[in-house]
Amino acid sequence: MQFSLRKCEELCHSKFCHTCSLFDQEIKCHCGKTVLKPKSKCLKILQKCYFSCKREHECGHPANHWCHNDDECPPCTHPVSKMCVGKHMSFDVPCHVKIVCCRQGCGKFLPCGVHTCQRSCHSDSCQSFDQKCTQRCNIKRYKCGHKCNLVCHGSEPCPVTTCEAIIKQQQQLECDDEYRVIQENKNLTQPFSINLDAPRQLPTVYTEFLRDYAKKNLEFVQTIERQ
Ligand SMILES: [Zn+2]
Ligand SMILES: [Zn+2]
Ligand SMILES: [Zn+2]
Ligand SMILES: [Zn+2]
Ligand SMILES: [Zn+2]
Ligand SMILES: [Zn+2]
Ligand SMILES: [Zn+2]
Ligand SMILES: [Zn+2]
């Protein structure tokens, strides 16, 4: 028999219930093991059947919960191995968990067809349809062999531009000249400072050499100062 009776809103009571116990037949719980005699007790007793649920489950797992009279079973907690949405690896999760994401990078090809998704494992689409790929082109330049490095241009051939790496190199060369001068000055002052720090530990020859060096260095400094 079906439960078309209203639920009793009062606390469970042993006396005849006017709102919910207007029945003259036996009432059974869903599994049928908990029986309510006609006009005897509050319907609330039916919510406490301590036998396991016998309903069929879509997933096919036996229920690990008590018999219940409401139609819907609680979520199935049976552990199952499921693949993450990005198909990277599988995990043991409760049966009712539908979406499993791992911590790996998505790695799927983006609509540009050149680059792969850099997001971590996800269930939605990698890009919204109006979004453009902002990754850099990795194709080698024909002339210098450096990467194209322009913002993604999909399957279009690389536009002819001056290589940024070459521009940087040229700037570096100009800077390098200044850099070398600074380095040379450093080399002159370094042995001098070692001599001052630990003069006794150094071999005599080396110290003499340094003295000469220091003299030259002094001359050098003086020459600079005079200029
Ligand atoms: Zn039952
Ligand atoms: Zn299940
Ligand atoms: Zn159930
Ligand atoms: Zn994954
Ligand atoms: Zn791209
Ligand atoms: Zn993705
Ligand atoms: Zn280049
Ligand atoms: Zn390119």
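Is Cys-76 buried or exposed? Cys-76 is buried, because its relative accessible area is 16%. Buried means under 20% relative accessible area, exposed over 50% and partly exposed in between (1.4 Å probe, protein chains only).

Some ground rules come next. This is a predicted model, in which local features need pLDDT of at least 70 and side-chain atom pairs count only at pLDDT 80 or more, while totals for chains, interfaces and linings use all residues. Residues are numbered from 1 along each chain as its sequence is written, chains are lettered from A and ligands numbered from 1 in the order in which they are written, and side-chain values use heavy atoms, with hydrogens and water left out.

Start at the zinc ion (ligand 2). Its protein donors are Cys-59 (SG), His-61 (ND1), Cys-76 (SG) and Cys-95 (SG), at 2.1 to 2.4 Å. Donors are N, O and S atoms within 2.8 Å of the metal (3.2 Å for Na, K and Ca); water is not among the atoms, so sites may look incomplete. The four donor atoms make angles of 101 to 123°, and the site is tetrahedral. Ideal angles at a metal are 109.5 degrees for four tetrahedral donors. Along the chain, the donors of ligand 2 follow the spacing C-x1-H-x14-C-x18-C. Cys-59 and Cys-76 both lie in the loop between strand 2 (35–36) and strand 3 (79–83), so the pair ties together parts that are 17 residues apart in sequence. Helices (H or I, at least four residues) and strands (E, at least two) are DSSP runs, numbered from the N terminus. Cys-59 is partly exposed, with a relative accessible area of 36%.

Now move to the zinc ion (ligand 5). Cys-112 (SG), His-115 (ND1), Cys-133 (SG) and Cys-152 (SG) are its protein donors, at 2.1 to 2.3 Å. Why is the arrangement around the zinc ion (ligand 5) tetrahedral? It is tetrahedral because the four donor atoms subtend angles of 97 to 117°. The spacing here is C-x2-H-x17-C-x18-C. Cys-112 and Cys-133 sit in the loop between strand 4 and helix 1, so this pair ties together parts 21 residues apart in sequence. Cys-112 is buried at 18%. Cys-133 is buried too, at 11% relative accessibility.

The zinc ion (ligand 6) is coordinated by Cys-106 (SG), Cys-117 (SG), His-122 (NE2) and Cys-126 (SG), at 2.0 to 2.4 Å. Its site is tetrahedral, with angles of 106 to 111°. The donor residues are spaced C-x10-C-x4-H-x3-C.

At 7% relative accessibility, His-122 counts as buried. A polar atom of its side chain lies 2.7 Å from the backbone oxygen of Asp-124. Beyond neighbours within four places in sequence, His-122 is in contact (heavy atoms within 4.5 Å) with Val-85, Cys-101, Cys-106 and Cys-117.

Asp-124 has another partner. Its side chain meets that of Arg-119 in a salt bridge, 3.1 Å from N to O. The term covers a side-chain nitrogen of Lys or Arg within 4 Å of a carboxyl oxygen of Asp or Glu. A search of the whole structure finds one salt bridge. Arg-119 is partly exposed at 33%, and Asp-124 is partly exposed at 44%.

Note on methods:
Tetrahedral: all angles 85-135°; square planar, octahedral: opposite > 155°, others 65-115°. Polar contact = N/O pair within 3.5 Å; in protein donor to acceptor, adjacent residues only side chain to side chain.
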